[in-house]
Amino acid sequence: MRLKTLLCMSLVTLLPACQMMENHPDIAEQIEQEHEIAQQIAVDVWQHISQNLAFDFADNSRIASQRNWYLKHPSYMQRVAKRAKPFLYLIVERLEKQNMPLELALLPIVESAFDPFAYSHGRAAGMWQFVPATGKRFGMKQTWWYDGRRDVMASTDGAIAYLTYLNEM
């Protein structure tokens, strides 16, 4: 019963907004332009990462095997890229602010496929896959109601702090 009530309330709220859009084509046009800008930013972020890759590595059979798997599964990479879209700009921005290599923005592909709610059998959680103790150590609060490891902004800041710490060891 509550579901029907919520659905009716949602429709009652959305209907006037939709009618307003019909009466104001300039608003609809503005929304479309903003959508196109967002699409361009998403493309530009991926291009920006690819143009700023800094790691030098020796290509070996293990790397070739992993690269070939990703190349053979383009639909998987499309799903991951779609999932990354809301977060990637933030991650790149924060990495650049800390003068860290942009390759690190790709780490969540391997860790969680950019799923903020990923959970492993080893109790690692979130896009960056922090175990509880490491998450707490790097500033991610964890309570009954909130887990900072699943908070994209908190876990990204924690990941950058953790990766900086590992680099300085």
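**Notebook: rings and a loop**

I began with tryptophan 69, which is partly exposed, with a relative accessible area of 37%. I note that the model is predicted. Then I checked tyrosine 70, and tyrosine 70 is partly exposed too, at a relative accessible area of 23%. Both values count as partly exposed because that class lies between the buried limit of 20% and the exposed limit of 50%.

Next I turned to ring pairs. I describe a pair of aromatic rings by the distance of the centres and the angle of the planes. My count came to 6 aromatic pairs. One of them joins tryptophan 69 and tyrosine 70, with 5.2 Å from centre to centre and 90 degrees between the planes. I wrote this pair down as edge-to-face, because an angle over 60 degrees counts as such.

Which residues do ring pairs link into a cluster? I found Phe130, Phe138, Tyr162 and Tyr165. I also looked at the ring of tyrosine 165 for a charge. The charged end of arginine 137 sits over that ring, 4.7 Å from its centre.

Last, I looked up leucine 106. I placed leucine 106 in the loop between helix H4 (74-97) and helix H5 (107-112). Is leucine 106 buried or partly exposed? Leucine 106 counts as partly exposed, because its relative accessibility is 26%. Setting aside residues up to four places away in sequence, I saw that leucine 106 touches Trp46 and Ile49. I also compared leucine 106 with alanine 84. They are 22 residues apart in sequence, and their C-alpha atoms are 9.5 Å apart in space.

Conventions: Residues numbered from 1 in each chain as written. Predicted model: local features only at pLDDT ≥ 70, side-chain atom pairs only at ≥ 80, totals over all residues. Heavy atoms only, no water. Phe/Tyr/Trp six-rings, centres within 6.5 Å; stacked < 30°, edge-to-face > 60°. Buried < 20%, exposed > 50% of the residue type's maximum accessible area, 1.4 Å probe, protein only. Lys NZ or Arg CZ within 6 Å of the ring centre and 35° of its normal. Helix = DSSP H or I, 4+ residues; strand = E, 2+ residues; numbered from the N terminus. Contact = heavy atoms within 4.5 Å.
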